[in-house]
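Here is a short briefing to read alongside the structure. Please keep the viewer open and follow the topics one by one.

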Amino acid sequence: MTIIGMLHHRLDPRTVIKSYAYAAVAKAEGAQFFYFTPKSVDFDKRSIRGKVYENGDWHERMMPFPDVIYNAGSPEKLSVSKDIIEKLKKEIPFTTYSIGNKWNVIKRLKEAKEFDKYLIPSEVVENVDLLHNFMAFYKKVVFKPIDGRKGKGIYFISKVGRINFEVRKDRETTICSKAQLDELIRGQLSTGTFIVQPYIQSITKSGQIYDFRLHVQKNGEGKWVITTIYPRIAPNGSIIPNINNGGFTNYLDPFLEQEFKEEAYDIRRMLEHFSLSLARHLDEIQMVQFGEVIDEIGIDIGLDEQRKIWMYEVNWRPGCPPAFYLELDVVINTIRYAMYLAKNKKQIKREIMQHRKNEDIAEVKKKITQQEKNKDIAEVKREIMQQEENKDIAEVKKEITRQKKNKDLVEEKALPIIAITGSAGKTTSKAFLASILSEKWNIFESKDYWNTTEHTKKHKEEINASHEAVVLEYGMAYPGIITNHCSIIQPNISIITNIGLAHVGNFDGDIKGVAKAKSELIHGMDQNGLLILNKDDENSKYLETQRFKGEILTVGIHSAANYNAYDIQYKDIGMTFKIKLQGQEIAMYIPILGEHHVYNALNAVAVADYLGFSPEDIKAGLNFKKPPRRLTIYNCRDDITVIDDTVHSHPQGVRAAIDVLTNIAKQRKIAIIGQMRELGELREEEYRKLGEYIYEQDIDLFITYGFRTEEMGAAAQAKGMDSSKIFHFLDKEKLHALLEKVIKPHDTILVKGASKTNMFDTVKFLDQKYQE
C-alpha cells in the first residue's frame with residue numbers, strides 16, 4: 001500500500017479545508033494518507049508524528065516515512081524549516097514543486113524561446129520614469145506586484161488627455177495628475193517589486209472583460225491531462241475577472257458557442273493543445289534546470305481580436321476550480337499521481353538525467369554552430385556594404401514615386417474600397433489585408449465567407465463615414481455576377497488572386513471563360529485605380545487587362561514581380577518568408593500553413609504598402625485571425641496530427657493541402673479527400689491528375705469519399721500505388737470504422753473537402769477519438 005504524507009505549515013489539519021478531501025480520496029484509491037508538519041519529523045527513528053483521518057476526525061499517530069510527500073504548504077512559511085525539508089527531499093519524492101514567481105516564469109519562457117511569442121511584454125518597474133517610458137509606447141498598461149495572487153494589487157493605468165491619467169483598481173476609477181500618479185507608484189514600489197505590461201483585454205459581446213483559466217495536472221500514469229478549462233468573467237464595471245474579485249465562471253462550451261459561434265470548436269482545441277504543450281515545456285525546463293518534475297499548473301490567458309493567445313500568468317499551485325466536482329477531479333489526479341510517483345521514482349530520475357544530458361549535448365552543438373557562423377561574419381558584413389553601395393537608382397526613383405502617391409492619397413482623402421476575387425485565396429487574402437489595415441484605421445470588412453451580390457447589397461447599407469477603408473470579397477459562379485457586385489459597390493483597388501478550376505463546369509470546362517468572368521472586376525472597378533495580379537499564376541494571362549488605365553502591381557514567388565517572397569519555410573503552425581519592402585529586407589511570419597497562403601499574404605502586403613503602411617504595421621497585421629477550418633492543425637494523443645481543410649475543395653486547393661501534408665508529416669502521411677463539385681467535363685481529367693499527384697507525393701494511405709471520387713484512387717493505382725493503401729467510401733460511418741483500425745501513433749492525416757460534403761464530421765471524429 002502506498003503511503004502519502006501531506007506536508008503543511010499549519011499544525012491543525014482542520015484549518016486546511018482541502019485536507020479532508022485528500023484523506024477521503026486517498027482511502028478510496030487504496031492509499032494510506034496522513035497530515036504532518038516539518039517539526040514532527042524524527043530522522044533517527046525514521047518516523048513522523050502525523051495525523052490520520054478516522055471516524056470523522058483527525059487523530060495523532062506515529063507514522064513511518066511515507067513513500068511520497070504531497071507538498072501543500074506555503075513555501076514562505078515552510079522556509080523556516082528549510083533544512084528539514086531539503087533532508088526529506090533527498091530520501092522521499094515530492095509532488096508540487098514551485099516554478100517560481102511570475103517574473104521567473106517569464107524569464108524561463110523567454111530564454112527557452114518556444115513560447116515567448118505568447119508572452120506579454122513585461123518590465124520590472126525600478127522607478128517611475130521606466131513606467132512613463134513604457135506608457136509612451138503602449139498607452140494602456142497594467143501595473144501589478146510580481147508575486148501577486150487572486151487579482152490583488154493590480155492597477156490599470158491609461159493616459160487621459162495631455163496631462164492626466166486614469167487609474168483603475170478593483171471597481172474604483174480615479175483621474176489623477178502625473179505628480180499624483182508618481183506618488184502612487186513610488187508608494188507601491190516601497191512595498192515590494194512590481195512589473196508593468198501592456199493592457200491586453202478580452203471582451204465579450206456584451207462588453208464584459210474575461211479570461212480563461214487552463215488547469216492541467218499529471219494523472220495516475222504520469223501524463224499531463226486537462227483538469228478543466230473555464231472562462232472567468234468580470235462583473236459589470238470591473239476589469240478583473242478573478243473569482244476573488246467578484247468575477248464569475250461559465251461552462252466552456254456554451255461560452256465559446258455564444259462568443260465565437262462556428263470558431264468555437266477550433267478555439268476549444270487550441271486552448272487544450274496550448275495548455276498541455278506549455279505544461280510539458282515547463283516540466284522539461286524544470287527537469288533540465290533544477291532536476292525536478294512539476295505536476296500541476298494553472299495558466300491564465302486572454303485572446304485578442306485576432307484570436308491570438310496572450311499569457312497573463314502561470315501559477316504553480318492554482319486554486320481549485322469553483323465547482324465541487326471539479327475540486328474532486330483535482331484531488332483525484334493529485335492522489336493518483338502521488339501513487340504513480342511512489343512506484344516509478346527510479347524511472348523518473350532516469351528521465352530527468354536523460355533530459356539534462358540531452359540539453360548538455362544540444363548546448364555543445366549550439367556553441368559549435370555559433371563558432372562556424374562567426375567565421376563568416378566579416379564576409380557577410382562586406383557583402384551587405386557592397387549591396388548598399390550598389391543600390392539600383394531605379395529603386396530609389398520607385399520609392400520617391402510611391403511616397404508621392406501616398407501623399408496624394410492622403411491629401412485627396414480617398415476612401416480605399418478594395419475588392420478581392422479569384423478561384424482560391426479570397427477569404428484569406430481579405431483576412432490578411434483587413435488585419436493589417438486595422439493596425440491604423442477603422443475599416444469595414446465583409447464577414448467570413450459573405451461574398452454573394454446579396455451580401456454586397458447589405459454591406460453597402462452598413463458602410464458609413466467612420467470607415468477609413470473597405471475590404472470586400474466578390475464571389476462568382478457565373479458570368480455577370482462580378483459586374484453586378486461592381487454596380488453595387490465600385491472598388492478602386494482590386495485583387496485577383498488566381499484563375500483556377502473552381503466553377504469551371506459552369507463555363508463548359510473552359511478556363512478562359514473563368515478568366516473572362518473574373519475580368520469583370522477589372523472592367524467594373526475605377527479605371528484609374530490599383531490592380532494586384534499573381535505573376536506566377538499561368539492562367540492569369542487570360543485576364544483582360546489591355547484597356548485598364550490604372551496601375552498594375554504583381555506578386556510572386558517563382559517569377560520576378562513587384563512583391564516577391566523568398567526563403568520560404570514551414571515553421572511551427574505557420575510560414576516564414578522574406579521580402580524586400582521600402583528599401584529593406586523584412587522577415588515575415590504568417591500563422592497559417594502552405595506556400596499558397598504566402599501568395600495571399602503578398603496580396604495584402606502589396607495593397608498595404610501602396611496605402612503607405614510601414615513594414616512594422618504590415619508585419620504585425622500579418623499575424624492575423626485565421627479563417628476557421630483552413631489548414632487548422634489538431635494535435636492529438638500519440639503524436640497524431642490532423643489537418644482540417646474542409647471549407648472549399650477544388651484541384652488547386654487539394655494540391656496545396658497535400659503539399660502541406662508532405663511538409664509537416666513526421667512519419668506516415670494519410671490523405672482523406674472528398675468530392676469536388678462544379679468541375680463539369682473536366683472532372684475525370686482532374687481526378688486522374690490528382691490521383692497521380694497523390695502517388696508522386698508518396699502518400700502512405702489514400703482515402704476518397706463521395707460520388708465518383710474512386711476515380712482518383714484508380715489513377716493513383718494505375719500510376720503504381722499499392723492497391724492495399726487505397727480506399728473509397730460513400731458511407732462516413734464505414735470510413736470512420738476503417739480509420740479506427742488503420743491509424744497509428746505519429747500519423748499525420750489530411751482531411752480535405754468542401755463544406756457541402758460535411759468532411760468536418762471526419763475531423764471531429766478523429767479529434768475526439770484521439771483527443772489528448
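This is a predicted model: local features need pLDDT of at least 70, side-chain atom pairs count only at pLDDT 80 or more; totals for chains, interfaces and linings use all residues.

Helices and strands here are DSSP runs, a helix having at least four residues and a strand at least two, and they are numbered from the N terminus.

- Helix H16 spans residues 511-518 and is mostly covered, with 6 of its 8 residues buried.
- The buried residues of H16 are Ile-511, Gly-513, Val-514, Ala-515, Ala-517 and Lys-518.
- Among the elements that cover them are strand E20 (417-421), helix H15 (481-488), strand E23 (493-496) and helix H17 (520-524).
- Leaving aside residues up to four places away in sequence, Ser-519 touches Tyr-542, Leu-543 and Glu-544.

**Two helix pairs**

- Helix H5 (residues 128-138) packs against helix H6 (residues 178-189) at an angle of about 120°, and their axes are 10 Å apart. Because of that angle, H5 is oblique to H6.
- H5 and H6 cross in a right-handed sense. On the H5 side, the contact is made by Val-128, Leu-131 and His-132, while H6 brings Lys-178, Leu-181, Asp-182, Ile-185 and Arg-186.
- Sorted by class, the contact of H5 with H6 holds 4 nonpolar, 1 polar and 3 charged residues.
- For helix H23 (residues 732-742) and helix H24 (residues 760-769), the axes come within 11 Å and cross at roughly 35°. The crossing of H23 and H24 is right-handed.
- From H23, Lys-732, Leu-735, His-736, Leu-739 and Glu-740 meet Asp-761, Thr-762, Phe-765, Leu-766 and Lys-769 of H24. By class, that contact of H23 with H24 counts 4 nonpolar, 2 polar and 4 charged residues.

**Salt bridges**

- How many salt bridges does a search of the whole structure find? The search finds 33.
- One of them joins Lys-144 and Glu-313, whose closest N and O atoms are 3.7 Å apart. This pair links distant parts of the chain, with Lys-144 in strand E9 (residues 140-145) and Glu-313 in strand E19 (residues 309-315), 169 residues apart.
- Are these two partners buried or exposed? Lys-144 counts as buried because its relative accessibility is 7%, and Glu-313 is buried with a relative accessible area of 16%.
- Glu-263 pairs with Arg-307 in a salt bridge, the closest N and O atoms being 3.6 Å apart. Glu-263 sits in the loop between helix H7 (252-260) and helix H8 (264-290), and Arg-307 in the loop between strand E18 (296-303) and E19, so the pair ties together parts that are 44 residues apart in sequence.
- With a relative accessible area of 8%, Glu-263 is buried.
- Lys-752 and Asp-645 meet through their side chains in a salt bridge of 2.8 Å, N to O. Since Lys-752 lies in strand E34 (residues 748-752) and Asp-645 in strand E30 (residues 641-645), the pair ties together parts that are 107 residues apart in sequence.
- Both Lys-752 and Asp-645 are buried.
- A network of salt bridges links Asp-253, Arg-268, Arg-269, Glu-272 and Asp-767.

How values were computed: Residues are numbered from 1 along each chain as its sequence is written. Side-chain values use heavy atoms; hydrogens and water are left out. Axes are lines fitted to C-alpha atoms, for helices over the stretch in contact, and angles run from 0 to 180 degrees between N-to-C directions. Angles under 35 degrees count as roughly parallel, over 145 as roughly antiparallel, 65 to 115 as roughly perpendicular and the rest as oblique. A crossing is left-handed if the near helix is turned anticlockwise from the far one by less than a right angle, and right-handed if clockwise. Contact means heavy atoms within 4.5 Å. Ala, Val, Leu, Ile, Met, Phe, Trp, Tyr, Cys and Pro count as nonpolar, Asp, Glu, Lys and Arg as charged, and the others, Gly among them, as polar. A salt bridge is a side-chain nitrogen of Lys or Arg within 4 Å of a carboxyl oxygen of Asp or Glu. Buried means under 20% relative accessible area, exposed over 50%, partly exposed in between (1.4 Å probe, protein chains only).
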